[in-house]
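Me: I've just opened this one and could use a hand finding my way around. Can we go through it bit by bit?

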Protein chains: 2
Amino acid sequence: MTTLEIVRAARGAKNALMLASAQQKNQALLAMAAALEDQCAAILKANEADLENARGTVPDVMLDRLRLSEERVAGMARGIREAAALPDPVGRTLSEETRPNGLVLQKVTVPMGVIAIIYESRPNVTSDAAALALKSGSACVLRGGKEAFRSNNAIVEALRAGLRSVGLPAELVSLVQDTSRASATELMKASGLVDLLIPRGGAGLIRACVENATVPCIQTGTGICHIYVDKAADLDMALNIVENAKTSRPSVCNAAEVCLVHKDIAPAFLPRLRQRLVDERQAKGLEPVELRLDKAAAALIPGTPAGEADFDTEFLAYTLAVAVVEDVQAAIRHIEAHSTGHSESIVTGDAAAAAAFTAGVDSAAVYVNASTRFTDGGEFGLGCEMGISTQKLHARGPMGLAELVSYKYIIRGNGQIR
Amino acid sequence: MTTLEIVRAARGAKNALMLASAQQKNQALLAMAAALEDQCAAILKANEADLENARGTVPDVMLDRLRLSEERVAGMARGIREAAALPDPVGRTLSEETRPNGLVLQKVTVPMGVIAIIYESRPNVTSDAAALALKSGSACVLRGGKEAFRSNNAIVEALRAGLRSVGLPAELVSLVQDTSRASATELMKASGLVDLLIPRGGAGLIRACVENATVPCIQTGTGICHIYVDKAADLDMALNIVENAKTSRPSVCNAAEVCLVHKDIAPAFLPRLRQRLVDERQAKGLEPVELRLDKAAAALIPGTPAGEADFDTEFLAYTLAVAVVEDVQAAIRHIEAHSTGHSESIVTGDAAAAAAFTAGVDSAAVYVNASTRFTDGGEFGLGCEMGISTQKLHARGPMGLAELVSYKYIIRGNGQIR
């Protein structure tokens, strides 16, 4: 089937799900989880073929992301069961009011309809995304990366077997069969057929969606996150937070890429920062963080001189750009000029500085005295996550089930005319 | 100034408003209203020049829309004062929660930043849109139609004088000086500069935005609204509702364009519908409604045979397409195939039919026994309206102040790392 045929089939199937009860959807999810486990051998075989094909052509770290195992498939099934256990986001009454003319106005959540997801990463996104779309009452069209095509296909076949076993149309979960760039563009331009497009991937994919999409689209993920160490910071806390935000998982979008330091505290803080991120890590046999320093920072500690681009780069690596700033207002201005609007944190003991920072920084998540790594659906208590929105329309920050539905007004009268 | 210079200036000014208190914004709005009244003579003079220029080149109905008067300017000032009196949509805490790790997670409403509005219609949209943008904490860039350019400019000059008088930057409200199609396209493509684009106008403008916009955009307004007269309808009520939805103001988006009639009731209902919309109106000297009938309807009453396009046309005129349907499910399928997702209504005394209709129809506003004309910010109790969204992302139906803001998370900790 062509990509558009797949989208049309999803659209034809969506009503079966939009009208399904919470119980029916949960039954479907449990059947999907069981089918994943049942078909584990076939999935691993398909995955082995993907790995075979990719070996030698992609870096080892990518091979590792691609690799499935019995444990990883079991983890995918567990993820689907967790989605089933979450409260149903559809049919919630957001408000209800009787108007002076007697009309009863009810605002209720409804499914999006058809959600398309373009992703590049691990095959487990296939089952995660399908589970969240299904739980939120929408059909989904998945377009994964070509390296994982056989694995994704086997996973989707299992999920569809689960759907069929409870009498729902298999077309509610589909994988695009064309993994060329053309199919991604087709999804972006499927106006009237795709109700929501979620790109999950690198900056290039997000940019392509922003530039080409004619369907409603949510930008996700790119994170140039800042930690500002204020004059009134507890330096031990600041060290812990910067270390955690930079090194606990550098490849993810909520990792810090930039550290801004108040000029008054820089002489005390920067040597300790260098010791923590470079010397101590080296002593432990860990990869040291490369510090890219602006002029003022370079006058205080050794490191690589920062180029202009270093303050506008999502390194996703053990690299941290460091700049010395005049005060909290200068930090806010720097963030406004360079941030992608994902997550920023101030470390300070000064309530006024904290208040200025939380009011003045216009990002999805603004922290006081905590690591940016907490920007995550699970950590925010959403129970799951379809991605992290860095735009302001519809959803901002981690998108859980509540962010995957729309609403409509139901108005009941007894003959009212205007 | 070029269009992009104007957008950049708005962006530079926006922080003054994002951090303003509710009181400061309301002072600014009251000053803007007063300035409009003060500069009424200049506005009317500019409007006279617009009218002079347009006379003979545009239809009379459009001249009437373009025309301002002391009363209309006073009405614009009143609209701004009403916006000032509404509750502030910014800084509302949507949720607050302490996570198990002690992080205090707060979700608060924040302004969009820069809102661009492209509109074609009356000059009063200029002050309405500016007032709602300002009240919601955003700078606005207005791009009106060329026929109203002098009027719009005079209105914006007055609004800016009001802003200056309370010490706010005039750049918070700007009118694009180029009224060619190029400036609209520039706004649509101003990624990173425009946070939200709202097109207000006809289907052509909306389509151009959907096809070209790289900035977040909300589709508004196009309304192919349906009234379904069920087998169990009270026929007098149905006649009143169809008449009201079709004839009370045919040029607006919440007017009905299509009437679907259950086959069992069609022989009784259609002759009365024709009598009400054609004969009685003619007898009263009112413009009769042209009925465009599908085959089954044409077998019961005289009228124009409907072409295929008639069920996909927003007539915005005294024209109504009429079809006979098998039952409520057939009505739902017809609506799914032909509706723009704006407003639909069922007239019925049967609770099961009403429940099927409200569950199965996926439009912004779904009515039982009431006219579609109620889809309006004022009628819904929002106090105002920036437009009516027909998409599912972010806002659906009438957009009031709550739909013109975004949110962010503020997370307060005491050193938490992950």
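Predicted model: local features only at pLDDT ≥ 70, side-chain atom pairs only at ≥ 80, totals over all residues.

Me: Which element gives the most to the side of chain B that touches chain A?
Reply: Several elements of chain B give two or more residues to that side, among them α1 (3-18), β2 (104-111) and β16 (405-416). The top one gives eleven residues, and that's β16(B).

Me: What area is buried between chain B and chain A?
Reply: The contact takes 72 residues from chain B and 72 residues from chain A. Carbon and sulfur atoms give 51% of the buried area. On the chain B side, B:K392, B:L393 and B:R418 lose the most, together 15% of what that side buries. The whole area comes to about 5800 Å².

Me: B:Y407 and B:Y409 form an aromatic pair, but of which kind?
Reply: Both B:Y407 and B:Y409 are buried. Their ring centres are 5.8 Å apart, with 90° between the planes. Planes over 60 degrees apart count as edge-to-face, so this pair is edge-to-face.

Me: Which residue links with B:Y407 and B:Y409 into a cluster through ring pairs?
Reply: B:Y407 also has the charged end of B:K107 over its ring, 4.4 Å from the centre. As for ring pairs, the cluster takes in B:Y407, B:Y409 and a residue of chain A, namely A:F380.

Terms used
Residues numbered from 1 in each chain as written. Chains lettered and ligands numbered in written order. Heavy atoms only, no water. Phe/Tyr/Trp six-rings, centres within 6.5 Å; stacked < 30°, edge-to-face > 60°. Buried < 20%, exposed > 50% of the residue type's maximum accessible area, 1.4 Å probe, protein only. Lys NZ or Arg CZ within 6 Å of the ring centre and 35° of its normal. Contact = heavy atoms within 4.5 Å. Buried area = accessible area lost by both parts, 1.4 Å probe. Helix = DSSP H or I, 4+ residues; strand = E, 2+ residues; numbered from the N terminus.
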